[in-house]
Amino acid sequence: MKTVYVDNNATTKIDGAVLEEMMPCFTEIYGNPSSMHHKGGQSGDLLKKARRRVAGILGARDDEIIFTSCGTESNNTAIRSALLANPAKKHIVTTMVEHPAVKSLCESLDKEGYRTTFVPVDTRGRLDLDTLYAGLSDDTAIVSVMWANNETGTIFPILDIAKKVKERGILFHTDAVQAVGKIPVDVNAIPFDMLSLSGHKLHAPKGVGALYLRNKTRFFPYMIGGHQEHNRRGGTENLASIVGLGKACEIAAEHMDEENTRVKALRDKLETRLTALIPKCFVNGDLEHRLPNTTSISFEFIEGEAILLMMNEEGICASSGSACTSGSLEPSHVLRAMGVPFTAAHGTIRFSLCRYNTEDEVDFIIEKLPPIIQKLRNMSPFWKED
């Protein structure tokens, strides 16, 4: 059966060149990077090369990169470090549409005596900046705002937010997991203190990520142990995956133009044709400021899970929202925050493309999805033809 994979915001396949660079780490270059002998030196050299490559896609210094296990760890590390750096401050500012790696952490911290302001969004998923800025106070330890939303692709005005936050002398962190590799990210152009990224969103393996930490930012490790990562993250480095992340960042930088031209054109074709062929459906998010690969489409009066199951029977792999919340029967917290009607929120599908997708694959989805939607609506007691 033909498989069409359009769930790249959930995870991506490993690039062949990435896998090729990783393989020697399993069989030949297997020393501990901290060891003094030549095997350790070989591993240490690969670690330095990977750090340089990750720094390169961000415009950062090599020593500003801390390798982690994933985006979730990077987010947790950034926020908890900020709280430890400012123990007298008990306030956090974030948004209502953050990934659970930030949102759930802040909800947990609220139970520990902290206070979080969750900034709302409008019906297009755009932040209420007035509420955000009004929420800043002398008690605010950190502001954490995602660069781009994982469900709708909406890109937030990170530069403007960072400037306002830094004017108040507050630490600023951005979850850039969905942004890195898809749109230009330059740490020299935006004054944030910390930035999170994840390997498996840009054709590197799962289980590896990084935290950018601006030079001279006060920092408290989350993982306590040995002296690895310049005493900033204990635990022997996952060398093979880190090497893969470094190579993936290098390749992603080379393909950035393709993401924003060919991939974007495929996304636009998919979106335009589906909304033209299928009645009672609409696109979610800020259509002017969003990732080039992402579209979130709501199909009214049917269940997203049923759509996904029937698409899967045709070999089409997509998502109803964040993969980290797909086990829930509740509508996406992002769509709820945007005020998407209940009759549509349950029937929302996220298509997230990558450079491996082709026009033939997009045409296949356009062919197969409309009859699926019609079949499900014919079974729905809430559907009525106009």
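In β5, which residue is the bridge partner of His 91? That partner is Thr 140. This is a predicted model, where local features need pLDDT of at least 70, side-chain atom pairs count only at pLDDT 80 or more, and totals for chains, interfaces and linings use all residues. Residues are numbered from 1 along each chain as its sequence is written, and side-chain values use heavy atoms, with hydrogens and water left out.

Back to that bridge: strands β3 (residues 91-95) and β5 (residues 140-144) pair in the parallel sense over three bridges. Two strands pair if DSSP finds at least two bridges between them; helices (H or I, at least four residues) and strands (E, at least two) are DSSP runs, numbered from the N terminus. Helix α5 (residues 100-110) packs on the sheet and touches β3, β4 and β5, its direction making about 145 degrees with that of β4. Contact here means heavy atoms within 4.5 Å, while axes are lines fitted to C-alpha atoms, for helices over the stretch in contact, with angles from 0 to 180 degrees between N-to-C directions.

Zooming out, the open sheet has seven strands in the order β2-β8-β7-β6-β5-β3-β4, with mixed pairing. Its edge strands, β2 (65-68) and β4 (115-119), each pair on one side only. Helix α3 (residues 38-58) lies across β2, β7 (194-198) and β8 (209-213), running at about 110 degrees to β2.

Last stop: Ile 14, in the loop between β1 (4-5) and α1 (16-22).
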